[in-house]
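Trainee: I am new to this structure. Could you show it to me and take my questions one by one?

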Amino acid sequence: SLILRWDPPASSGNLNTYTFDVCILGLTNCTFGLTFPAVELRNLNASTIYTISITAKNIVGDSSVPATTIQTTAPKPPNNLATLSKNSSTIQLGWD
């Protein structure tokens, strides 16, 4: 999963209440109407680059220009970790 946090836009007069829409570009995975400037994106593939768009909207529907970020998820942990050889100063490991 990825956890994203951002600063809300500066207040524009009396319109300082915002919601946020977060989308992973290229997928149909969007979260709309967030009221807190943070989100955890789950069920992502390991070792994958994602481009994420965040848009702020005020209470009358005015939108910001989307901000984008590029994030890479962590790789999967190794499977079937095994010692291949060892001596007094080194160890050689293998995995699938």
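Trainee: What is the handedness of the disulfide of Cys-23 and Cys-30?

Mentor: A disulfide is a pair of cysteine sulfur atoms within 2.5 Å. In this predicted model, Cys-23 and Cys-30 qualify, with S to S at 2.2 Å. The torsion about their S-S bond is about 120 degrees, so the disulfide is right-handed.

Trainee: How should I read the numbering and the values?

Mentor: Residues are numbered from 1 along each chain as its sequence is written, and side-chain values use heavy atoms, without hydrogens or water. As this is a predicted model, local features need pLDDT of at least 70 and side-chain atom pairs pLDDT 80 or more, while totals for chains, interfaces and linings use all residues.

Trainee: Is Cys-23 buried or exposed?

Mentor: Buried means under 20% relative accessible area, exposed over 50%, and partly exposed in between (1.4 Å probe, protein chains only). Cys-23 has 17%, so Cys-23 is buried.

Trainee: Which strands do Asp-21 and Lys-57 tie together?

Mentor: Their side chains meet in a salt bridge, 3.0 Å from N to O. A salt bridge needs a side-chain nitrogen of Lys or Arg within 4 Å of a carboxyl oxygen of Asp or Glu. Strands (E, at least two residues) are DSSP runs, numbered from the N terminus. The two residues are 36 apart in sequence, so the pair ties together parts in strands S2 (residues 18-24) and S5 (residues 49-58).

Trainee: Which residue forms a salt bridge with Glu-40?

Mentor: Glu-40 itself is partly exposed, at 34% relative accessibility. The closest N and O atoms are 3.2 Å apart, and the partner is Arg-42.

Trainee: How many residues has the largest nonpolar core?

Mentor: A nonpolar core is a set of buried Ala, Val, Leu, Ile, Met, Phe, Trp, Tyr and Cys residues joined through side-chain atoms within 4.5 Å. Here, those with the most contacts inside it include Trp-6, Val-22 and Val-39. Strands S1 (2-5), S2, S4 (38-41) and S5 each supply at least two of its residues. The largest core has 15 residues.

Trainee: Where is Trp-95 placed?

Mentor: Trp-95 is exposed, with a relative accessible area of 53%. Its place is in the segment after strand S8 (91-94).

Definitions and conventions. Helices (H or I, at least four residues) and strands (E, at least two) are DSSP runs, numbered from the N terminus.
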